Amino acid sequence: MKNLRETRTTYNYKVGDEFFNLIEATGIEKGELDVSVEVKKEIGAFRLNFHIEGFVVGICDRCLDEVDVDVYTDNTLKVKLGEEYSDDDEILVIPESESIINVAWYIYEFTYLSLPCRIVHEEGECNEQMQEKLKDLIRYDNTSEENSDVDEYDDDENEVTETDPRWDALKKILNNN
C-alpha cells in the first residue's frame with residue numbers, strides 16, 4: 001500500500017467457489033461475486049471502498065435445500081500504517097514494514113454480513129417433501145387469542161394444565177413459517 005503512486009487505485013476481483021473453500025469459514029461455501037476495491041490515499045491513512053455484488057448459495061431455513069441469495073453491498077475499511085498490527089472497530093493498523101493487506105477475509109466478511117438473518121426460498125419454491133414432513137411434526141395450537149389464558153385439557157393424563165401466555169405468543173410465530 002505504501003508504494004501506491006496514484007491517489008486512487010481500483011482493483012477488480014471475480015470471486016467463486018474456490019475462494020469460499022480457501023477461506024475456511026462455515027457460513028458461505030459457494031457463490032459468484034464481482035468485487036471492486038477502490039483504494040484512496042488520504043492524509044495518514046488509506047480508505048478502501050468495497051463494492052460487492054453477485055450471489056451466494058445459502059441453506060433455506062425452512063426446507064434445508066440450497067437457495068441463491070443475491071448480494072449487493074458497499075463497505076468501507078480505513079487502513080493506517082503503524083508500528084504493529086491492530087484491528088480496532090474504526091481503523092485497521094498494519095505494520096509499516098509489511099505495508100500489504102490481504103483483503104480476502106474482508107470480502108468474505110462484508111459478503112456474509114450483507115446476508116439476511118433469515119434465508120428462505122420464495123413462496124412455493126421450498127422442497128415439498130420437507131414441508132409435508134414439517135407439517136406432520138409441528139403441532140399448531142389453534143386456540144384464539146381470547147382463549148389463550150384458558151386451561152387446556154390433556155387427553156393422555158386426563159388433567160387440566162394451564163398454558164403460559166408467552167408460549168402461546170411464540171406458537172403464533174410457527175404459523176407464519
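Predicted model: local features only at pLDDT ≥ 70, side-chain atom pairs only at ≥ 80, totals over all residues.
**Overview. The chain has four helices and eight strands.** Helices (H or I, at least four residues) and strands (E, at least two) are DSSP runs, numbered from the N terminus. Reading from the N terminus, the order is β-α-β-β-β-β-β-α-α-β-β-α. Of the 177 residues in the chain, 30% are buried; buried means under 20% relative accessible area, exposed over 50%, and partly exposed in between (1.4 Å probe, protein chains only). The accessible surface of the chain is about 12,900 Å², and 45% of that belongs to carbon and sulfur atoms. Those areas come from the Shrake-Rupley method with a 1.4 Å probe, and for residues only the protein chains shown count as cover. Take the contacts (heavy atoms within 4.5 Å) between residues at least 6 apart in sequence: 52% of them join residues at least 24 apart.

View 1. Arg-8 pairs with Glu-38, with the closest N and O atoms 3.5 Å apart. Lys-14 counts as exposed because its relative accessible area is 72%, whereas Asp-34, at 36%, is partly exposed. Arg-8 is partly exposed too, at 48%. A salt bridge means a side-chain nitrogen of Lys or Arg within 4 Å of a carboxyl oxygen of Asp or Glu.

**View 2. Arg-47 and Glu-42 form a salt bridge.** The N to O distance is 2.8 Å. Arg-47 has 27% relative accessibility, so it counts as partly exposed, and Glu-42 is partly exposed at 28%. The whole structure has four salt bridges.

**View 3. His-121 is a buried residue in the loop between α2 and α3.** Why does His-121 count as buried? Because its relative accessibility is 10%. Its side chain reaches the backbone oxygen of Glu-66 at 3.1 Å, a polar contact (a pair of N or O atoms within 3.5 Å; within protein, one must be able to donate a hydrogen and the other to accept it, and residues adjacent in sequence count only if both atoms are side-chain atoms). Leaving aside neighbours within four places in sequence, His-121 also touches several others, including Cys-60, Cys-63 and Cys-126.

**View 4. Helix α3 (residues 128-137) is hardly covered.** Among its 10 residues, the count of buried ones is zero. Asn-127 caps the N-terminal end of α3, with a side-chain oxygen 2.9 Å from the backbone nitrogen of Gln-129.

**View 5. Trp-167, Leu-170 and Ile-173 make a nonpolar surface patch.** The patch covers about 340 Å². Patches are made of residues with over 30% relative accessible area and no salt bridge; like charges are joined within 9 Å, and nonpolar side chains (Val, Leu, Ile, Met, Phe, Trp, Tyr) within 5 Å. Trp-167 lies in helix α4 (residues 165-174) and is exposed because its relative accessibility is 54%.

**View 6. Glu-24 and Leu-64 have positive phi without being glycine.** Glu-24, with phi of about 60°, is in the loop between α1 and β2. Leu-64, with phi near 70°, is in the loop between β3 and β4. Glu-24 is exposed at 73% relative accessible area, and Leu-64 counts as exposed at 56%.

Notes
Residues numbered from 1 in each chain as written. Heavy atoms only, no water.
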